[in-house]
Amino acid sequence: MSGAEATAAPAAAPPAGPARRSPLPRLLRERVFRRFWSAQTVSYFGDEISTLALPLLAVLVFQATPAEMGYLTAAAVIPNLLFSLLIGAWVDRYPHKRRLMILTDLGRALLLVAVPAAYLLDVLTMAQLYVVAFAVGTLAVIFEVARGPLFVSVVNRSDYVEANTLVNGSRAMSHVAGPSLGGILVQVLTAPIALIADALSYVVSAYFLGRIRPTEPAPARGRLALGGGLGFIARTPMMRAILLGTTTVNLFNFMLIALFVLYATQELGLTPGLLGAVLGAGAVGGLIGAALTGRLVRRFGVGPTLLAGFVLFPAPMLLIPLAGGPTPMVVGMLFAAEFLSAIGVMMLDITTGSVQTALTPQALLARVAGARRTVNYGVRPIGALLGGALGTILGVRPALWIATAGALAGVAWVAFSPVRRLHGLPEQAD
C-alpha cells in the first residue's frame with residue numbers, strides 16, 4: 001500500500017462489521033405488534049392481582065363458604081356460556097374490533113374501582129362481588145372474541161407460533177410476579193384496595209391499543225348464523241378434538257380453582273402473602289414453558305408438543321391434594337405442582353392457539369372464537385359450582401382429588417385424533 005492510500009483510508013467509511021443484534025425478539029421490534037403485546041402484558045399482570053384479591057376478599061372479609069366460593073368463581077365465567085355465540089356473530093359484523101377492546105378495558109376498570117369504593121363506604125356485600133365478577137366476565141368475553149381478528153391483522157400467518165409464544169410468555173411472567181404482588185398488596189392494603197391496581201392495568205392496556213392502527217379484517221356481510229362457528233368446529237376433526245380436550249381439562253380445573261384459595265388458607269394454613277409467593281414462584285415454570293415451546297415444536301412438531309401439554313398441565317396438580325405436613329413441605333409440594341403445571345399450560349396454550357388460528361378462515365374468526373368460549377369456557381362455571389358442591393358434601397380435599405384426576409382425561413380426545421401427527425401448522429380449513 002502506498003503512502004497516499006494509507007492516509008486516505010481513515011476518511012473512507014469503515015468496513016462493515018457484523019450486524020449488531022437487538023436484544024428484542026424480531027416481532028417486538030415491530031411497533032404495531034409491540035404495542036399490541038404491551039396491552040396484553042399489562043392487562044395480564046392486573047388480572048393476576050384480581051384473580052387472587054377477589055377470592056381472598058370473599059374469604060377474609062365475608063368468611064365465604066365453599067359453596068359461596070363456587071358461586072363467585074362461576075359468576076366470573078358464566079358469561080362465556082351465556083353470551084359467547086351472540087357476541088361472536090356481532091363482532092364478525094362489527095368493523096372496529098380494536099375500539100371494542102378499548103371500551104371493554106375501560107369498562108372493566110370502572111367496575112373494579114367500584115369495589116374499593118363500596119368497601120370504604122362500608123356498603124360492600126357478597127352480592128356486589130357476584131355482580132362485579134359477572135359484569136367483568138361479560139366484558140372479558142367481548143375483549144377476547146375481538147382479540148382473535150385483531151391478532152391476524154397484526155401478525156403474519158408464518159409468525160403465529162412466535163407471536164403466541166411472546167403473548168403467552170407475558171402471561172407466564174404475570175403468573176410469576178402477579179400473585180406475589182397481589183398477595184403483598186392484599187396483606188398491606190387489604191383485598192378491596194388491591195383491586196385498584198387491576199383497574200389501572202386496564203387503563204394502560206386501553207392506552208396501548210389506542211396507539212395502533214392496523215388494517216382490520218373487513219366485517220362479514222349479510223345475516224350470520226349464530227351456530228356458524230360451532231358448525232365449523234364440528235366438521236373440522238382437529239378443531240373438534242382440541243375443543244373437547246381443553247373443555248374436559250377446564251371443567252375439572254375449575255373445580256380445583258374454586259376451592260384452592262379456601263384449601264390453601266384454611267386447611268393448609270398459608271397466609272395471603274405466602275400463598276401469593278408460592279403461586280408466583282411456581283409460575284416461573286410458565287416462563288420456561290414459553291421459552292421451550294418454540295424449540296419443542298421445531299424439534300418434535302406441533303402435534304406431539306400439543307399432546308405433551310395435555311399431560312403436563314394437569315398431572316402435577318395431583319400434588320395439591322397430597323400436600324400436608326410441616327409448612328416447608330406444603331410449600332414445596334404446592335411449588336412443584338405450580339411450577340410443572342405452568343410449563344404444561346404454556347405448551348398447551350401456544351400450540352392450540354396457533355393451530356386453531358391457522359385452521360380458521362378470517363370471515364369466521366370471531367364466531368369460531370365465540371363458539372370455543374361457549375363450550376370451553378362455558379363449562380367453567382359448571383366446574384366451579386360442581387367443585388363448591390363436592391367440597392361441601394365430600395370435603396375440600398376429596399373434591400380436589402376428583403378435580404385433579406379428572407383433568408387428565410382430556411388427553412384422550414387428542415391422543416387418537418389427526419392433531420398428534422401434525423409437524424407444522426395445518427392449512428386453513430374450508
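Modeller: Contact here means heavy atoms within 4.5 Å. The model is predicted.

Biologist: OK. Which residues in α12 meet α14?

Modeller: From α12 they are Val302, Thr305, Leu306, Ala308, Gly309, Phe310 and Leu312. On the α14 side they meet Leu340, Ser341, Ile343, Gly344, Met347, Leu348, Thr351, Thr352 and Val355.

Biologist: And how do those residues divide into nonpolar, polar and charged?

Modeller: The contact of α12 with α14 has 10 nonpolar residues, six polar and no charged.

Biologist: At what angle do the two helices pack?

Modeller: About 140°, with the axes of α12 (residues 302-312) and α14 (residues 327-359) 8 Å apart. Roughly antiparallel needs an angle over 145 degrees, so α12 and α14 count as oblique to each other. The crossing of α12 past α14 is left-handed.

Biologist: Switching to the core. How many residues does the largest nonpolar one have?

Modeller: It has 56 residues, and Leu129, Phe260, Leu275, Ile320 and Leu334 have the most contacts inside it. Helix α9 (residues 237-267) supplies the largest share of this core, nine residues.

Biologist: What is Phe260 in contact with, leaving aside neighbours within four places in sequence?

Modeller: Leu275, Leu279, Ile320, Leu334 and Glu338. There is also a second, separate core of 32 residues, which includes Phe36, Val152, Val155 and Val167.

Notes:
Residues are numbered from 1 along each chain as its sequence is written. This is a predicted model: local features need pLDDT of at least 70, side-chain atom pairs count only at pLDDT 80 or more; totals for chains, interfaces and linings use all residues. Side-chain values use heavy atoms; hydrogens and water are left out. Axes are lines fitted to C-alpha atoms, for helices over the stretch in contact, and angles run from 0 to 180 degrees between N-to-C directions. Helices (H or I, at least four residues) and strands (E, at least two) are DSSP runs, numbered from the N terminus. Angles under 35 degrees count as roughly parallel, over 145 as roughly antiparallel, 65 to 115 as roughly perpendicular and the rest as oblique. A crossing is left-handed if the near helix is turned anticlockwise from the far one by less than a right angle, and right-handed if clockwise. Ala, Val, Leu, Ile, Met, Phe, Trp, Tyr, Cys and Pro count as nonpolar, Asp, Glu, Lys and Arg as charged, and the others, Gly among them, as polar. A nonpolar core is a set of buried Ala, Val, Leu, Ile, Met, Phe, Trp, Tyr and Cys residues joined through side-chain atoms within 4.5 Å. Buried means under 20% relative accessible area, exposed over 50%, partly exposed in between (1.4 Å probe, protein chains only).
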